[in-house]
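Subject: Structure for you to look at

Hello,

Here is the structure I said I would pass on. Please open it alongside this note.

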Amino acid sequence: METDRPPENKHHAPVRSFVIRGGRMSEARKKALAELSREESLDAPEDWGDWYRPFDRRLLEIGFGMGHATVEIARNCPRWGLVGLEVHPPGVARVLQQIRELGLANLRVVRADAQEVLTRLPDRLLDAVLVYFPDPWPKKRHHKRRLVQEPFLQELERLLRPGGMLNFATDWEPYAREVRELLVKRGWHLEGGEWSPRPDWRPQTKFERRALNEGRPIYELVASRD
Ligand SMILES: C[S@@+](CC[C@H](N)C(=O)[O-])C[C@H]1O[C@@H](n2cnc3c(N)ncnc32)[C@H](O)[C@@H]1O
């Protein structure tokens, strides 16, 4: 008997790639989240093009977690515009707080399910999509919950400009192999040999540090489109 099947499947609700987890939040972060203002978030997908316009590169990170790498990229690359998508409230709150404290004009946060937002974004909006350590959903019956599947890649092909890239990293080898196979099948160009070198601008993420501390290797993919 499959007791841990999410109840929503019984009602044919969409299959989600996440489960909202709790997490303690300081008063300051609760306040930041409550005030999720127009200034730091991009609510309407039609506003994204305007916001990205002044920047040299337009990046979207999906599932930034607590956002340590996200904030570091924004700090290190002020000419790049970075939007972070996340559903985990403490992570959204932390990044909002950092945007304010550090005055990061090139970083915006959207608290939303990527699977809903991507379909509403205009064609050829982005230069790069970053997906770091997405939930691996290791059980076979949960594979359908994985974020990166063929429909997701199809959506990225619409959203990326010619030459645009996907940077994917995980410590879960079967997931990495599956994504690699899909990219090859769909005609993306992969950097490096079997796995790509880590881009020099990509900081380590929290989940990556944990994997390395526990002795697991990292599988990196940098793939681009014509
Ligand atoms: C395993 S964590 C990795 C976090 C971070 N990238 C890191 O490497 O430390 C995966 C994150 O993806 C988020 N996530 C999963 N599906 C998502 C979706 N459809 N839209 C937005 N965020 C999502 C989860 O909430 C979670 O915080």
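Below is what was found, from the overall fold down to single residues.

Please keep in mind that this is a predicted model.

Overall fold

The protein chain has eight helices and seven strands. Its C-alpha trace spans about 45 × 45 × 35 Å along the principal axes. The radius of gyration is 17 Å. A compact globule of 226 residues would come out near 17 Å, so the chain agrees with that expectation. Buried residues account for 35% of the 226. Take the contacts between residues at least 6 apart in sequence: 80% of them join residues at least 24 apart.

Around the ligand

The ligand is surrounded by 23 residues. The closest are F18, G63, G65, F133 and T205. Sorted by class, the shell holds eleven nonpolar, seven polar and five charged residues. Three elements each give at least two residues to this shell: β2 (80-86), α5 (114-117) and α8 (206-213). The largest share comes from α8, with three residues.

Most residues other than glycine have a negative phi.

R124 also has a positive phi, near 50°, and is likewise not a glycine. R124 lies in the loop between α5 and β4 (126-132). Its C-beta neighbours inside 10 Å number 14, so R124 is classed as partly exposed.

The α1/α4 crossing

Helix α1 (residues 27-34) meets helix α4 (residues 89-102). Their axes come within 8 Å and cross at roughly 90°. Angles of 65 to 115 degrees count as roughly perpendicular, so α1 is roughly perpendicular to α4. On the α1 side, the contact is made by A28, R29, K30, A32 and L33. On the α4 side, it is made by P89, P90, V92, A93, R94, L96 and Q97. By class, the residues of this contact are eight nonpolar, one polar and three charged.

Leaving aside residues up to four places away in sequence, A93 touches M25, R29, K30, A32 and L33. The C-alpha atoms of A93 and M25 are 8.2 Å apart in space, while the two residues are 68 apart in sequence.

E46 is in the loop between α1 and α2 (48-52). Is E46 buried or exposed? With 11 C-beta neighbours inside 10 Å, E46 counts as exposed, because the limit for that class is 12 or fewer. E46 and L121 are 75 residues apart in sequence. Their C-alpha atoms are 6.9 Å apart in space.

Where to start

Then turn to the crossing of α1 and α4, and finish with E46 and L121.

Best wishes

Conventions:
Residues numbered from 1 in each chain as written. Predicted model: local features only at pLDDT ≥ 70, side-chain atom pairs only at ≥ 80, totals over all residues. Helix = DSSP H or I, 4+ residues; strand = E, 2+ residues; numbered from the N terminus. Rg over C-alpha atoms; globule rule 2.2 N^0.38 Å. Buried ≥ 20, exposed ≤ 12 C-beta atoms within 10 Å, placed from the backbone. Contact = placed C-beta atoms within 7 Å. Near = placed C-beta within 6 Å. Nonpolar A, V, L, I, M, F, W, Y, C, P; charged D, E, K, R; others polar. Axes fitted to C-alpha atoms, helices over the stretch in contact; angles between N-to-C directions. Parallel < 35°, antiparallel > 145°, perpendicular 65-115°, else oblique.
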